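Me: I have a model open on my screen and would like to learn how to read it. Could you walk me through a few features?

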Amino acid sequence: MADTTSNDAPHKSLILNAFVEIGHQSPGLWQHPDDQSHRFNDIEHWIELAQLLESAKFHGIFIADVLGGYDVYKGPRNLDPAVISGAQWPVNEPLAVVPAMAAATKNIGFGVTVTTTYEQPYHLARRLSTVDHLTKGRVGWNHDDRYAVAEEYIKVTYKLWESSWRQDAVVLDRQRGVYTEPDRVRQINHSGKYFNVPGPHLTQPSPQRTPVILQAGTSKAGKTFAAQHAEAIFVGGHSPAVVANNVAEIRKLAQTEFGRDPQSIKFLALLCPILGRTEEEALEKFKTYRSFGSIDGALALFGGWTGIDLDKYEDDQELRHVESNAIRSAVEGWSKASPGVAKWTKKTVGEHITVGGLGATSVGTPAQVADNMERWVKEADVDGFNLAYAIKPGTFKDVIDLLIPELRRRGLFWEDYAVPKGTYRENLYSQPGQSGPRDDHPASKYRWNAGVDAANHPVPEN
């Protein structure tokens, strides 16, 4: 499982996020005696995790979310494999824990998944603005992949966040008894195909106004949306070759179609590092983790991700030769990343997912894992990593104690936050003062700046 690369890999300072859920991420690993995932209902658990990760200068904590159980495997609508194994079940709402984590920290950012499917833009904009205030500008937002709706949805939020209030609307003038100047707050009067939102936004401008825009989808529609709107994009695959074309295509689209600096979009690859002081120690740790993994739970996740029920295949059936293109494609990618697997069956697919999911799993010494990360940067042009865990917080403690010192030795990770007590966006870009979207980002044209008359800056139509 170890990987090495030459020393001529580029020395790009990496962005590191912890990739977590308010529940269980790896099916069955909650049985490991050192795993604390079962504490996800305790606010102290999240405070401790945020403080631990901030002590190591992680850029952010990304909290993934799902809105339903995985019910394809052994289906239809059979939740039992997911429920029994704890395969991302149960899962709590992610935004609720952020203010508590923010109150116990000063620098680390927080990305959350909030779906556009069940949230109206007026209400979501208010919730995110509120949390951006409470965290002093340390929030990012990942939406779902209904891009036809999302295109209008995100423009409504831009209007609410950026155009409804002038930056200097709140004056707190005690002599005149004026809290907010009324001519500096306006309705957005959005009337579109999917939404009618008169406004005005109910919350005054927060430190970032628009939270950092995150995205995980790389479908054809998702790439176009990402090239226009995303500031950070999460990519998953078991080798750099799987994601390299998507990264290059989105960067090119951003520049040619939307006039954005292609390097302003930060790509973060999903990676689960299993670390040991020796390769043997890392391999033994990986073997132990897999022994706790639930194959049924992993195949429930696979069914939810792909819509494919692997239960209809025989236990020893070679999946590289089945009629399903989707299965063959997925397994072929895994087989290239793990050539030592002689035969890909339901069991080997399940074992592969139990630790690391659909992302890459890197097993080895700090030097070997760092080599692998450099290979991702060199071959796929990623800017950093979403670090998943096998056990929590043990995997992150290993990263802090073993991997980060090696990354710093190579000049691949900062010693401290670029902007102490800065916003998530300032530290994402290592750019003091970049609390709002960059000038080449579409949200910037919506911003109603201080001192500008409303007549000179009407709410943009699109």
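Reply: Helix α7 passes α12 in a right-handed crossing (the near helix is turned clockwise from the far one by less than a right angle; helices are DSSP runs of H or I, at least four residues, numbered from the N terminus). This is a predicted model, where local features need pLDDT of at least 70, side-chain atom pairs count only at pLDDT 80 or more, and totals for chains, interfaces and linings use all residues. Residues are numbered from 1 along each chain as its sequence is written, and side-chain values use heavy atoms, leaving out hydrogens and water.

Me: Which residues of α7 and α12 make the contact?

Reply: Contact means heavy atoms within 4.5 Å. Here P240, V243, A244 and V247 of α7 touch R375, W376, E379 and A380 of α12.

Me: At what angle do the axes of α7 and α12 cross?

Reply: Axes are lines fitted to C-alpha atoms over the stretch in contact, and angles run from 0 to 180 degrees between N-to-C directions. The axes of α7 (residues 240-258) and α12 (residues 366-380) cross at roughly 40° and come within 9 Å.

Me: And where is empty space left?

Reply: Rolling a probe the size of a water molecule over the atoms shows that. A cavity is a set of points on a 1 Å grid over the protein atoms alone where a 1.4 Å probe fits but cannot get out; lining residues have an atom within 4 Å of a point. The whole structure has one cavity of 30 Å³ or more. The largest cavity holds about 40 Å³, as the space filled by probe spheres set on the points, joined across faces, edges and corners. Its lining includes H24, W30, D35 and Y389.

How values were computed. Helix = DSSP H or I, 4+ residues; strand = E, 2+ residues; numbered from the N terminus. 1 Å grid on protein atoms, 1.4 Å probe; cavity = no way out; pocket = protein on both sides within 12 Å on 5 of 7 lines; lining within 4 Å.
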